[in-house]
Amino acid sequence: MNTDPTSPAQPFEIFLVAAPGLEPVLCAEASDRGFTNPTMVKGGVTVTGGWPEVWRANLELRGATRVLARVASFRALHLAQLDKRARRVPWAEILRADVPVRVEASCKASRIYHAGAAAQRIERAIAEELGAPIVKAAPKKTGKPADRDAPEEDTRPLEIAVQIKARIDDDLCTISVDSSGESLHKRGHKEAVNKAPMRETLAALFLRQCGYDGREPVPVVDPMCGSGTFVIEAAEIAAGLKPGRSRSFAFEQLATFDPARWQSLRGNTTVTPPQVRFYGSDRDAGAITMSRANAERAGVGAWTDFAHHAISDLTPPEGPPGLVIVNPPYGARIGEGKSLIPLYHAMGQTLKTRFTGWRVGIVTNEAALAKATELPFQEGGVSVSNGGIRVTLYQTDPLS
Ligand SMILES: C[S@@+](CC[C@H](N)C(=O)[O-])C[C@H]1O[C@@H](n2cnc3c(N)ncnc32)[C@H](O)[C@@H]1O
């Protein structure tokens, strides 16, 4: 690993967190966006680069949940060694003394097995070497007396703290800075959400899995659009809008941040008005009002159409066939969705009879519901967690 992770010229490892199961899709996106050496690992993708690449990953990657900058890596066989080596990390070059820090640690297959004690050593190293205030996560109720050596608690809200993640695995301690802050599915322009919104990061990866990368001018239709996530993501992709353009990031609070360079990176966008339109509909009038407002805020209102009607009234828009992608209602637990079988069946019939030449992607949590559509799905969808519920993308070739 790099010895000077604070130098923009020196590449270090950048970990792009992915929804487990979708690592290959994020890896393809990172490769398309020109990141160096994208490599799939469990739970994400690693690339290499300096801090400007960390900023660019946050700004441009649609599928990453967060971006971690791996700033140090060393062996630690016991807590005293962890304490000593954590003090050698050039904290002052990475963190700012005036920005609160929160440390989270995990231990696996290591001689150091107490995550709380490990986090506390790193907190103390940061507090004493740099002087940054430490924000403690709410302590777990153990019934034991408080550790008298622990740094004084800071009561500032956790959201404003920069997060350090220390992972001790097989006696190797890897220290990462969470450069994103809030999860990257929060693009910063969606105020209104319905009951079960699809996370933007997942929606983007599912669109990509369906072969949609915005290069081919094909329309996208979501006939149960809810808050409009698929439609808005697809329109943004086609227009070349960067997903992180409207939000702030934790890396802006780091010592490594260069505002002028960031502004030029962020401003460097060519928006191409798409040659096709993007369509959402829903039987719930509130969902349509919400989708329109969300699309306006995202700056894609001019290329999107939202209509209030049930899926039984769905007809293909004029123009070339494209992609229908939909996340219909599903039961929270397997088996609970039985009452939805007629809805899925009717949806399948509508698509089979009216959408010849279109590809279909359906995201749901029960194979029986997908089967009820009677659509010719390809084999091998992977199951992914969307806000705690495991869902799978079922996709077809162009319908004949
Ligand atoms: C799970 S939500 C979709 C969430 C959406 N992907 C998002 O990100 O916000 C399912 C949607 O299907 C709509 N819906 C249910 N039955 C419908 C029908 N027969 N026709 C059209 N929309 C329907 C609901 O109103 C709801 O908005």
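Arg33 is partly exposed, with a relative accessible area of 38%, where partly exposed lies between buried (under 20% relative accessible area) and exposed (over 50%), computed with a 1.4 Å probe on protein chains only. This is a predicted model, in which local features need pLDDT of at least 70 and side-chain atom pairs count only at pLDDT 80 or more, while totals for chains, interfaces and linings use all residues. Residues are numbered from 1 along each chain as its sequence is written, and side-chain values use heavy atoms, leaving out hydrogens and water.

Arg33 forms a salt bridge with Glu60, their closest N and O atoms being 3.3 Å apart; a salt bridge here is a side-chain nitrogen of Lys or Arg within 4 Å of a carboxyl oxygen of Asp or Glu. Because Arg33 lies in the loop between helix H1 (23-32) and strand E2 (36-41) and Glu60 in helix H2 (residues 51-60), the pair ties together parts that are 27 residues apart in sequence; helices (H or I, at least four residues) and strands (E, at least two) are DSSP runs, numbered from the N terminus. Glu60, at 8% relative accessibility, counts as buried.

A second pair joins Lys165 to Glu104, with the closest N and O atoms 3.5 Å apart. Lys165 lies in strand E6 (residues 162-169) and Glu104 in strand E5 (residues 101-108), so this pair ties together parts that are 61 residues apart in sequence.

Arg215 and Asp213 also meet through their side chains in a salt bridge (3.2 Å, N to O). Arg215 counts as exposed at 61% relative accessibility, whereas Asp213 is partly exposed at 28%.
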